[in-house]
Amino acid sequence: LYLIRHGQASFGKENYDRLSERGRRQSSLLGEMLASGGVKFDAPYSGTLDRHAGTEEEVRAAYARKGISLPEATRMEELNEYDSRSILETLIPELLKEDESYHADAAKLFTDRKAFQRVFEAAMLKWSSRNYSADGLVHWADFVGGVYRGIETIMKKDGRGRKLAVITSGGPVSVAVRKALDLSDENTMRVTWQIKNSSVTRFKCTE
């Protein structure tokens, strides 16, 4: 399983779920690297988000330039990222009540990447620890369970001896690492922040 994180999305824009120009270039370069390295995928999978589709489009085009055709991707909602916007909107008020130092960062959330990162990390750790009182959020455990089901479905369908491209987001990639290494919730979330745009995390299928 080659789990591929999508290219850079449109941070700070009205529609985040779209590749930036840099994201398209990243995805194209990734496709060129894989194709030039002789990596031939038997089946591609992807999430259903626009940034997943954009990444697949650029990778597919890079393969086509090398004279290699890829099958159409199977799209699966289980490979989608968690809804970070809803998590932020719901948990930032709790963060501000608990620690006034977040007020300055929250005021420039979408204009300052460092401020965003500090608030984002705090909110995501709070969400994954289940240490909040707000209602209405998808539970971390349900998100993890959904990714597990998606990976298991892929493994059962295509099994050993095949190379599978799985275009997804940082969250599902970190959950796959969790599954392989039996990580804690907190360490799984921290792994998410180390998954770079257009990176490849390769797993050996043992089903």
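Is Arg 178 buried or exposed? Select Arg 178 and have a look: this residue is buried, at a relative accessible area of 17% (buried means under 20%, exposed over 50%, partly exposed in between, with a 1.4 Å probe and protein chains only). Before you go on, know that this is a predicted model, where local features need pLDDT of at least 70, side-chain atom pairs count only at pLDDT 80 or more, and totals for chains, interfaces and linings use all residues. Residues are numbered from 1 along each chain as its sequence is written, and side-chain values use heavy atoms, with hydrogens and water left out.

**Stop one: around Arg 178**

Arg 178 sits in helix α7, residues 170-181 (helices are DSSP runs of H or I with at least four residues, strands are runs of E with at least two, and both are numbered from the N terminus).

**Stop two: the aromatic cluster**

Next, pick Tyr 82, Trp 127, Trp 140 and Phe 143, which form one aromatic cluster. The structure holds eight aromatic pairs (rings of Phe, Tyr and Trp, the last by its six-membered ring, with centres within 6.5 Å; planes under 30 degrees apart are stacked, over 60 edge-to-face and the rest tilted). One of them joins Tyr 82 and Phe 143 edge-to-face, at 5.3 Å centre to centre and 75° between the planes. Tyr 82 is in the loop between β3 (74-75) and α3 (84-98), while Phe 143 is in helix α6 (residues 140-158), 61 residues apart. Tyr 82 is buried at 8%, and Phe 143 is buried at 10%.

Then zoom in on Trp 127 and Trp 140: the ring centres are 5.3 Å apart and the planes are at 85°, so this pair is edge-to-face. Trp 127 belongs to helix α5 (residues 113-129) and Trp 140 to helix α6, so the pair ties together parts 13 residues apart in sequence. Trp 127 is buried, at 1%.
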